[in-house]
Amino acid sequence: MASPGTGERNPVSNEVIIERDKKKLTDLPAELLEYILCFPVLNHVDILNVSCTCKRLHDVCYGRGKVWGHQFKLRWPRLQRNYRQNESYDWLKEYRTRYVVGLQIRRTVVSISKRFFTEVPCVGQVLGDSFAEIESLGAPEHFCEDELLSILNSDKRKSLTLKYYAKKILYFLRQQNILRSLKVFLEQPANEQSALEGAVLVDQYCNPLAEVTLENILAQLEDIADKVRKCLRVSNPSHPSQRATTGDCLVVEDFELQRQVICALNAVLYEQLQFTGNECDFYNPLNSYIHQVLVRRTGIPISLSVLYMTLARKLGVVLEPVNFPNHFLLRWCQKQRRSGDIYDYVYIDTFGKGKQLTAKECEYLIGHQVTADYYSAISTSKVLLRMVGNLLNIGKRGEGNEKSYQLLRDSLDLYLTINPDNVQYLLLQARLYFHLGIWPEKVLDILQHIQALDPTQHGAVGYLVQHTLEHIQHKRHPVLPEAKLRSATQHRDVQYSVGLIMKHKRSGYNCVIYGWDPRCTMSQEWITTMRVHQLSNGANQPFYNVLVQDGTCRYAAQENLEPHSAPLEIAHPEVGRYFSEFSDTHYVANEELQARYPEDMTETLGTVGELYRLTPSSLGSEGLPPSVRPNADAKSP
């Protein structure tokens, strides 16, 4: 028998030691477990699975909220700006809410396409009261917006229909928030209203998808003001503006010191930074948007005046806006106290590089005399009305396309927010909505308001009420268009199909087909105006509805179209209304368009296969309805 000192160890004793030294994952401190569970490779499904393994890991996942806070930040990074770092939140609740809101938003967006595809014509399409569905969800607005942005930022060529409606909803939701901000702004005392802030709200409302903020605009203007201070430092190092700090309410009383500011401001704006009045493209709406004026360094009198007036105020000089006809001006008082005499002021033409004018010289700008009233200073709300009125006139001058209708709608919304009882523009708004076939219930509300304000408008109001009620009745019993089958005898001459990318032989434009007729269905007046009779086959040939690269919708004769030799994406705002995807050689029709032209996608795939020598595998079958998708061993079309 071996002695105890040299013999084998007791195996039972070894097992006890090993068992005692063995550590489990759950024995780690909670902080370390949280650190492990916050690794970027783990997603929310992994965390759910881990939390179900044992009570210890369940408590770690749900206890302090750090794990779900990490998951929230990882999945929705844009939302971090809505949370303060030092505050505690129920991150699991936030995660669940955001997740559910995402599902609700996507379901709503998908349903809109099915319900509104045939309701509104392509030009001027708006989804009207359907947006109320998003608001009725009662979900946090920043969650709704984040989900819509997630849809818009997904794969550029896919989910085009989803993106089309998501963009419209986001446009609407942001506009509603801006309108609320504008109403709060207008409720402030007149002397506390900033013309710049009002102009930025106008800019934001007309460009709700652009990232325009007052803070960013103010930062750019502060940079320009710094340049003016440097310029002043050269001529007068002791100028009061040199001692002022950001946020100070500086007022320079001495006229010579004021003059130095104005001279330095002109030198920086017009000589150094090359700001100029846009004479060549005066009626471009970009001239009225403050962020665009700063980027392009050009604008119209009123937008340049708002910037000039704000900069002068930062540097201690008070200038006042003057609603001069056809040419907005600023006035600079030459007396110690405000005067009622128009000849006690110098008038500054910001469109003319800051040129200083007398009252008489102002009349030379417009070519006729005006009364003294036109030289008076105006309130911020009147500045905004003039600015919005300019946009309204540009919208009315438009070509009847999507952009001009949208500008007209936006500027009317703004004008009537500032001046809600203007009968002329209320009637214009009602007629516009009636023309576009949108918001018939709102049209009735507008007409009722007009009748209360001005009973003499009963003729125009009565006509619109009658036809709006007919439109509402029609909406309740819609007539769906019949499906167009290529195999039908009357369609035998139709050569091309929806989704094909074409080139116009005469005009040279690129386009995509989204509809067709076996014969021209336009009025005789249109046929005569467009000289269709000069075509070799006249009106007695297939005509195609096409979306053109320049953003227009056209109706083209078959003999004028040919397949594009090198297919390309068509950058048209309405592409998503008809197509779900761009597939390199063609567009894939969405479900609604396929229901209208059920045989066209098979034809389109066959056509692009022959034109571009593609194999069946490269064509794919995503664009086909299930009943006609090829099986694995089907032959090439």
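**Entry 1: a charge over a ring**

I began at arginine 331, whose charged end sits over the ring of tyrosine 345, 3.9 Å from the ring centre. I keep in mind throughout that this is a predicted model. Tyrosine 345 and tyrosine 347 are both buried. I noted a further case of a charge and a ring at arginine 397, which lies over the face of tyrosine 283 at 3.8 Å from the ring centre.

**Entry 2: the sheet around these residues**

Next I looked up the strands. In what order do the strands of the open sheet S3 to S6 follow one another? I found 4 strands in the order S3-S4-S5-S6, with antiparallel pairing. The edges are strand S3, residues 320–322, and strand S6, residues 355–357, each of which pairs on one side only. On average, neighbouring strands of this sheet are turned by 40° against each other, if direction is ignored. For the pairing of strand S5, residues 345–349, with S6 I noted the antiparallel sense and 3 bridges; within it, isoleucine 348 stands opposite glutamine 356 of S6.

I then asked which helices contact this sheet. Helix H12, residues 255–272, packs on the sheet and touches strand S4 (329–333), S5 and S6, while its direction makes about 155° with that of S4. Helix H14, residues 301–314, lies across S3, S4 and S5 and runs at about 30° to S4.

**Entry 3: aromatic pairs elsewhere**

How many aromatic pairs does the structure hold? I recorded 26 aromatic pairs. I picked out tyrosine 514 and tyrosine 578, whose ring centres are 4.4 Å apart and whose planes stand at 35°; since stacked pairs need planes under 30 degrees apart and edge-to-face pairs over 60, this pair is tilted. The pair links distant parts of the chain, with tyrosine 514 in strand S8 (residues 510–517) and tyrosine 578 in helix H22 (residues 575–578), 64 residues apart.

Finally for the rings, I noted one aromatic cluster, formed by Tyr62, Trp68, Phe72, Trp76, Tyr83, Tyr89, Trp91, Tyr95 and Phe143.

**Entry 4: aspartate 146**

I turned to aspartate 146, which has its place in helix H8, residues 141–152. Its relative accessibility is 3%, so aspartate 146 counts as buried. What does the side chain of aspartate 146 make a polar contact with? The partner is the side chain of arginine 98, at 3.0 Å. Leaving aside neighbours within four places in sequence, I found aspartate 146 in contact with Trp76, Arg78, Leu79 and Arg98; of these, Trp76 is also one of the residues of the aromatic cluster.

**Entry 5: the chain as a whole**

To close, I looked up the totals. The secondary structure of the chain comes to 25 helices and 13 strands, and of its 637 residues 47% count as buried. Among contacts between residues at least 6 apart in sequence, 61% join residues at least 24 apart.

Conventions
Residues are numbered from 1 along each chain as its sequence is written. This is a predicted model: local features need pLDDT of at least 70, side-chain atom pairs count only at pLDDT 80 or more; totals for chains, interfaces and linings use all residues. Side-chain values use heavy atoms; hydrogens and water are left out. Two strands pair if DSSP finds at least two bridges between them. Helices (H or I, at least four residues) and strands (E, at least two) are DSSP runs, numbered from the N terminus. Axes are lines fitted to C-alpha atoms, for helices over the stretch in contact, and angles run from 0 to 180 degrees between N-to-C directions. Contact means heavy atoms within 4.5 Å. Rings of Phe, Tyr and Trp (its six-membered ring) pair if their centres lie within 6.5 Å; planes under 30 degrees apart count as stacked, over 60 as edge-to-face and the rest as tilted. Buried means under 20% relative accessible area, exposed over 50%, partly exposed in between (1.4 Å probe, protein chains only). A charge sits over a ring if NZ of Lys or CZ of Arg is within 6 Å of the ring centre and within 35 degrees of the ring normal. A polar contact is a pair of N or O atoms within 3.5 Å; within protein, one must be able to donate a hydrogen and the other to accept it, and residues adjacent in sequence count only if both atoms are side-chain atoms.
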